Amino acid sequence: MTVTVSSSWQLQGCADCGVVAPSRGRRRRVLHDVSHGEVPVRLVWRQRMWRCPEAACPRGAFVEQIPVRVAPRGSITGRAMGWAIGQLRREHATIAGLARRLDVSWWALWRAVKPELERRATDESRFAGVTSLGVDEHVWHHANPKTRGPKELTGMVDLTRDDQGRVHARLLDLVPGRSKKAYADWLTARGQEFRTGVQVAALDPFGGYKSAIVDQLEDATAVLDAFHVVKLGTQVVDEVRRRVQQDTTGHRGRKGDPLLGIQTILRAGAENLADKQQARLARAIEADERHEEVFVAWQCAQQLRAAYRQQDLTDGRHLAEKILASFRRCPIPEVARLGRTLRRWREAFLAYFATGRANNGPTEAMNGIIELHRRLARDYRNRENYRLRMLLAARGLTP
Ligand SMILES: [Zn+2]
């Protein structure tokens with residue numbers, strides 16, 4: 001569908017000298033607009049042209065510009081850009097799909113969208129009011145680091161509660177590397193006001209981030225992120241299962257091996273298991289007495305989950321202290337190692353129960369969005385483009 005448009009006539013003065021400029025006619029400029037249902041829409045803009053009649057004026061000829069409708073050299077209308085950004089953010093659309101709908105190339109659309117995302121990303125007001133800050137590693141590619149740069153990025157997450165006490169996690173930034181420096185430099189760049197505003201600093205058990213917090217966020221309480229601690233527990237179960245599998249059968253998991261069949265069951269919370277799954281778990285454990293070890297590791301991981309799930313924070317803390325006392329003495333080496341890790345992080349582990357529970361739901365939900373968009377954004381080779389795309393999807397560009 002082609003729609004021909006033009007602005008209504010008005011007296012036009014030269015932008016340099018103000019002398020009334022006579023018309024030099026019009027020219028056609030083709031713009032891509034939001035599609036009409038399935039039908040792509042072209043706007044043919046009959047753009048006005050003038051010439052400054054003042055001999056001493058350097059301006060010469062000039063053409064009509066309406067920046068709120070379309071950028072001076074753009075081919076996509078502002079309305080179409082707003083639509084595209086909304087689709088990227090809320091509907092998990094891809095640039096390729098949107099470009100098809102607008103009947104433009106991938107690059108034409110991205111070139112148009114990128115400056116707007118950059119403008120939002122550099123607006124420091126999006127960092128205002130952050131009182132609870134999370135930090136997390138983020139793997140953005142699996143290619144050769146020599147050609148693509150570091151595989152890991154450090155992601156900063158806003159975990160601040162709203163008036164109702166709910167957390168709507170936002171990805172605030174992604175910076176290259178996984179190190180103390182990456183996080184500390186970012187905190188420095190945010191300024192003193194931001195740093196003193198942060199009361200709770202959540203983190204995964206990584207020493208680099210911890211020392212950045214100690215240096216930069218003196219007044220904040222460091223808290224181990226519940227999501228990561230629970231994940232450590234799940235990893236332990238996985239490791240024990242693999243080891244026992246290898247010891248009892250002499251090979252890694254094969255179809256029909258009882259322990260391989262319960263792989264996903266072991267990763268779930270006990271409270272989420274259906275009767276059928278519980279029966280399968282029991283059968284797999286009973287198949288060999290050496291499987292008992294897997295069951296014990298699973299129970300340990302469940303205990304860890306249970307500590308975080310307690311209605312009452314005092315009960316949660318009691319359970320956490322029991323875990324600190326018992327895990328490290330566990331005869332299962334993987335569980336004992338987790339126990340030692342938690343003891344090293346004792347203060348930050350227990351701080352969760354004193355800071356009024358940083359719900360791990362939002363971090364998990366945000367990681368889900370990031371995972372989804374990482375798959376959608378497989379066409380991003382450029383780290384800065386990737387960063388902007390992720391920040392938009394994970395609500396970081398909205399104050
Ligand atoms: Zn002039």
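Guide: Take helix α7, residues 207-216: its buried residues are Tyr 209, Lys 210, Ala 212 and Ile 213. Keep in mind that this is a predicted model. Those four sit on the same side of α7, because the arc they cover around the axis is only 160 degrees. The background is plain helix geometry: with 3.6 residues a turn, residues three or four places apart point the same way. So what do the buried residues of α7 pack against? Their partners are β5 (132-139), α5 (180-190), β8 (200-203) and β9.

Follow β9 next. The protein is split into domain 1 (2-122), domain 2 (131-225 + 358-393) and domain 3 (227-351). The centres of domain 2 and domain 3, taken over C-alpha atoms, are 27 Å apart, and 10 residues from each of these two domains make up the contact. On the domain 2 side of that contact, β9 (221-224) and α16 (361-376) each supply at least two residues. β9 gives the most there, with 4 residues. Sorted by class, this side of domain 2 has 4 nonpolar, 3 polar and 3 charged residues.

Note on methods. Residues are numbered from 1 along each chain as its sequence is written. This is a predicted model: local features need pLDDT of at least 70, side-chain atom pairs count only at pLDDT 80 or more; totals for chains, interfaces and linings use all residues. Domain bounds come from an automatic or database domain assignment. Two residues are in contact if their C-beta atoms, placed from the backbone, lie within 7 Å. Ala, Val, Leu, Ile, Met, Phe, Trp, Tyr, Cys and Pro count as nonpolar, Asp, Glu, Lys and Arg as charged, and the others, Gly among them, as polar. A residue is buried if 20 or more other C-beta atoms lie within 10 Å of its own, exposed if 12 or fewer, and partly exposed in between; C-beta atoms are placed from the backbone. The arc is that of the directions from the helix axis to the C-beta atoms.
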